[in-house]
Amino acid sequence: WVKLEESGGGSVQAGGSLRLSCAASGYTPTTARLMAWFRQAPGKEREGVAAIYPNTANTYYAESVMGRFAISQDNAKNTLYLEMSSLKPEDTAMYYCAAELRAMGGSWSQRNRYAYWGQGTQVTVSS
């Protein structure tokens, strides 16, 4: 079965960096149509942070993280990454990876486009 497992979260000071990983299993990398990172802060809706098409490496970013975050996919390891730099307190959230394995259509940031989700990893940025 499909499994997504995030790691790499933690607590950092503003201006710091973290790298999140999402180890995927149960499918081959080229099967995935779209992979993404979402985040959810307390009391807020889950929002799209970044997405990547594994077969073309085309990427998409939320405006709030553009220029600071970078999404990438290692197909050999079937692992998704999110490099985060210049972190701000407003980046504090639970971060989730998500996979679209069957074409759903719609914007990359639509939650219902993704059928598979990880359990999340917490990122806390202090000022």
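Leu4 stands opposite Ala24 in strand S3. Likewise, the bridge partner of Glu5 in S3 is Ala23. Strands here are DSSP runs of E with at least two residues, numbered from the N terminus. This is a predicted model: local features need pLDDT of at least 70, side-chain atom pairs count only at pLDDT 80 or more, and totals for chains, interfaces and linings use all residues. Residues are numbered from 1 along each chain as its sequence is written, and side-chain values use heavy atoms, with hydrogens and water left out.

**The sheet**

S1 and S3 (residues 18–25) pair in the antiparallel sense over five bridges. Two strands pair if DSSP finds at least two bridges between them. S3 also pairs with S8, again antiparallel, over six bridges. Both pairings belong to an open sheet of four strands, with the order S1-S3-S8-S7 and antiparallel pairing. Its edge strands are S1 (3–7) and S7 (69–74), each of which pairs on one side only. Neighbouring strands are turned by 15 degrees against each other on average, direction ignored. That angle rests on axes fitted as lines to C-alpha atoms, and angles run from 0 to 180 degrees between N-to-C directions. In general, strands of a sheet pair through backbone hydrogen bonds, either parallel or antiparallel.

**Ser21 in strand S3**

Which residue of S8 is the bridge partner of Ser21? The partner is Tyr81. Ser21 itself is found in strand S3. Ser21 counts as buried because its relative accessibility is 15%; buried means under 20% relative accessible area, exposed over 50%, and partly exposed in between, with a 1.4 Å probe and protein chains only. Beyond its neighbours within four places in sequence, Ser21 is in contact with residues including Glu5, Trp37 and Tyr81. Contact means heavy atoms within 4.5 Å.

**The core**

The largest nonpolar core has 36 residues. Trp37, Leu82, Met84 and Tyr95 have the most contacts inside it. Such a core is a set of buried Ala, Val, Leu, Ile, Met, Phe, Trp, Tyr and Cys residues joined through side-chain atoms within 4.5 Å. The elements that give two or more residues to this core are S3, S4 (34–40), S5 (47–52), S7, S8 (79–84), S9 (93–100) and S11 (121–126).

**Rings and charges**

The whole structure holds four aromatic pairs. One of them is Phe38 with Tyr114, an edge-to-face pair at 5.4 Å centre to centre, with 75 degrees between the planes. Rings of Phe, Tyr and Trp (its six-membered ring) pair if their centres lie within 6.5 Å; planes under 30 degrees apart count as stacked, over 60 as edge-to-face and the rest as tilted. The pair links distant parts of the chain, 76 residues apart: Phe38 is in S4, and Tyr114 is in the loop between S9 and S10 (116–117). Phe38, Tyr114 and Trp117 form one aromatic cluster.

Arg46 lies over the face of Tyr96, at 3.7 Å from the ring centre. The charged end of Arg46 also sits over the ring of Trp117, 5.0 Å from its centre. A charge sits over a ring if NZ of Lys or CZ of Arg is within 6 Å of the ring centre and within 35 degrees of the ring normal.

Lys44 lies in the loop between S4 and S5. Lys44 and Ala93 are 49 residues apart in sequence and 9.5 Å apart in space, C-alpha to C-alpha.

| Residue | Relative accessible area and class |
|---|---|
| Phe38 | 0%, buried |
| Tyr114 | 4%, buried |
| Lys44 | 59%, exposed |
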